[in-house]
Amino acid sequence: MKRNSKADARGAPNGAFARPVDTALRPGLSVLAVSLSALSAVVYFLSSNGVRNHLRWLAHAAWKLLHG
Amino acid sequence: MNLLAAIAVVFFCGFLATDITRRWLAPGPGGRVALALAWFVLLAAFFFGTFFLLGFVNLVTGWPALRPSLAAALDGLLALVALVTGRRGAARAGAAVAARSGFREEARDAWGGLDGAGRILTVAVAATFIASAAMLCAGFPRGYEPRAYHLPIAVHAFQTHGLRVWDREHMDTFPANGSLYYGYLMGLLPEHLVSASNVLFLAPLLFSLYALGRWTGSDSSASLVAACGAATIPIAAFSSLETGADVAGIAFLGAAAYFALAGDPLATPDVLLAGLAAGLAFGFKSLHLVSVAFLLGVIAIRRWRAASPSPIRRASGVAALGACLFLAAVLAMSSVWLLRNWMEFRNPIYPVHVGRVSDAFGWAKAPGVDYLERGAFQFEWVRSPAEWFVYPWIEWHSHGENFKHSSGLGAFFAATVPPALVVSLLGLGSRKPREREALAFLLAGCGLLFAVWWALGDRQPRYLMGGLVYAIPLVAWMIGQSTGRARRAFAWVACVTAIFMLGVVLSKQGFEFAYRFLSLRQWSRHEFYGYPAAVDGLPAGSTVVNLVTPPDNWALFGTKHDNRVINQRWALRALGAPPTETPPESVSLDGAALRRLGATHILALSRTRLQLGPGVALTEVGRSEGPVTLPVLYRVDYREAWQRIGEASTPATSALRTPVNP
C-alpha cells in the first residue's frame, strides 16, 4: 500500500491523524508485527481443521455436482 | 401491509435523517466520516423509534397500533415539522455539500493509497458479497435462528399489530429489532429479496470499522484493508448471508463505538448518536449490554478528562451529564423491549438472570434457563476450555461445521488480530498521548468483552462478535505503523488470507445455489423448505401447529405469510412432550390443549406417532414430495362427546393411532 497524501495530511476525525511516515518511528515494532502476522498465517493454514475440512468438502461437493 | 405506507415510512425517515444531518451536524475535521455514520444511525433511529412508539402504545393500551400506515403518518408529521422549520438550517446546506465532496475525496484517497494487493482485496470483497446476495435472492431466507424465531416473530408482530411476545419460549423473548426490520421488509419486498437484506448491514459495519481505524491514527488504505478483511471472518460473513440479527447488531455497535471513542466528548450530538446506536445494537443483540456499559464508562472518562482543568466538582458534573445523555439515548432505543419483558415476565432483561444481582431486584428467572450454567455448550467448538486460547488457529468443530454463522474466525483473523493485540500492548508505551489513549480504550474493550464472555460460561464464538469492533481498528493501527517492505508484506498477508476466506464463502454459497436450484430445482417455497404445498393453500388465519423442528416454524407461515404458527417448542410443551431439536417420536394430542392453542392444522413427520386424545380427529390434507420420512399436514377436527361414538371406526383417525411408516 502506498502512503496517502492529501487526505492523510488533513487528518482523521478530530484532526488527530498520524501518517504512516510519522508512525514508522519504530521499525522494530513494524518488523515484529509483520513477522508475527506471517507466522500466524502459516500456522493457521497448517493447523486449521476448518481449512482441512473445507478442502475435503469442496472435493466432495464438486464430485457430487458432477455426478448428480 | 400497505405497500405505499411501507414506502412512505422509509422515505420520511430518510428525509428526517438527511435534514438533521444537514442542519445540526456540521462537518468538522472528520465530518465526512462522521456524517455518513450519523445519517445511518438517525435513519435507523427514526425507523425503529416510530415502531417502538407504536409498540409502546400497544403494550400499554392493548390497542393494535403497530401498523406501517400509522408509522408513515407519524414520520410524515415529523417530516412536515422539519420542512416548516427548515429555513433555520439553510445556512448549513453548503457545509453538507462540502462534506459530500469530502466524502468522495476520502474514497478516492483510500483507493489511491492502495497497492495491487489492497485493490484486489477490496474488489474481491465487494464482488463476493454482491454475487452471494444475488444467489440468495434465488431462494428464501435461511439460517436456524432466523427460521426458528427471528422471522416468525417478524410476521407475528405485524399480524397482531403489537410487540407482545410470540410465546413464552426464552429465545422468543429477546429484544427483536431484527424481527421488526424483516417484518417491515416482508411487506415491502418479495421474500426472495428479504433473504439477502441482511447483507446491507455489512456496509455500515465496514464503514464504522474503517472510521475507527482512522481514529487510531492509521491511514485510509490500512483502515480500508482492515475493514475489508473483517468482512471475510466466517462468523460475520456467513451471518450476513442469513436473515439474523448479529451483523446488524455489531454494525450499530461499531457506530456507537465510533461516536463514543472518536467523537467530541463534549459535543452533545456525538454523545446522543453514540447512545442511539448503542440502544439499537442492544435491540438487535441483547448481549451488547456489556458494550453499552463499556461505552458509558468511556464517555464519562473522556468527558472528565476533557473538563479536567476545571475543579473536580465541575468535571464530575460534566462526566455525569454525558453519562446521563448517553443512557437517555440508549433507553430511547431500547426501553420498549425492557418494558415489554417487565410487563410480561417481571424482568426487564428476561430471560437473562444474573444470580444474586437479579434476585436483589426481584427479577424473575426463566424456567429451565440458566445462563450461568451453560458451560457445556462450548464443547461444540473446543474439546477443553483452554483450547479457546488457540481456537483461531485450530477451528475445531464437533460436527465438522467449521465455517458457518456461528463457527470459525478464519485466516484473516488468525493472521492479523492476535498479532495486533500483542503489538498494541507494546504500543501502549507510545509517546503520543492520543495514540496511547486510543490503544488503551480498544484493548480495554477487547479485554472486557472477552472477560465477560468467559465468565458467563456460554462460550460461543459469535457471542464475541462485538469484540471485532474493538479488535479490527487495532489491526488497522498495526498495518498503518509499517512502511516500505513491511507494509507491502502486510498487504499481501492480508490479501492472501482474506481472499482465501472469500473463496470459502463463495464456494459454499455457489455450491448451495448449484445444488438446490440447478440440480434439485427447488425454485418454489415448499420445495425449498420441504413442506407440503397444501400449507400455501390454507385459508388465511389458519393455525398450524409445528411438530417437526424449530426452523420449520418459518416455512409454515406459507407464501402469503397469513397463517398463524405455533412454535415447535411451545407446542411440544403445551402438549406435555419434552422440547426437542429433532422431530419428536411420539406426541399425545389432547383436545383441550389443541383448542387452547387454536390449532386448525398440524404438521408432523409421517413417522411421528400421534396419539389422539378424546375429542380430536385428524385428516391428512397434504404431504411433501420425497422418498423417506416426510412432513405431513393434517387438519384438526374437534368432536363433541356425542360425536365420538363411532370414532374408532373412522379410517383417518384409526390409521393415526399407529405409526404410519413403522
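In chain B, five strands make up an open sheet of mixed pairing, ordered β2-β1-β4-β7-β6, where strands are DSSP runs of E with at least two residues, numbered from the N terminus, and two strands pair if DSSP finds at least two bridges between them. The model is predicted, so that local features need pLDDT of at least 70 and side-chain atom pairs count only at pLDDT 80 or more, whereas totals for chains, interfaces and linings use all residues. Residues are numbered from 1 along each chain as its sequence is written, chains are lettered from A in the order in which they are written, and side-chain values use heavy atoms, with hydrogens and water left out.

**Exercise 1.** Describe the geometry and the setting of the aromatic pair of B:Tyr181 and B:Phe201.

*Solution.* Rings of Phe, Tyr and Trp (its six-membered ring) pair if their centres lie within 6.5 Å, and planes under 30 degrees apart count as stacked, over 60 as edge-to-face and the rest as tilted. Over all chains, this rule gives 38 aromatic pairs. The pair of B:Tyr181 and B:Phe201 is edge-to-face, at 5.0 Å centre to centre and 65 degrees between the planes. Both B:Tyr181 and B:Phe201 are buried, that is, under 20% relative accessible area with a 1.4 Å probe and protein chains only.

Note on methods:
Buried < 20%, exposed > 50% of the residue type's maximum accessible area, 1.4 Å probe, protein only. Helix = DSSP H or I, 4+ residues; strand = E, 2+ residues; numbered from the N terminus.
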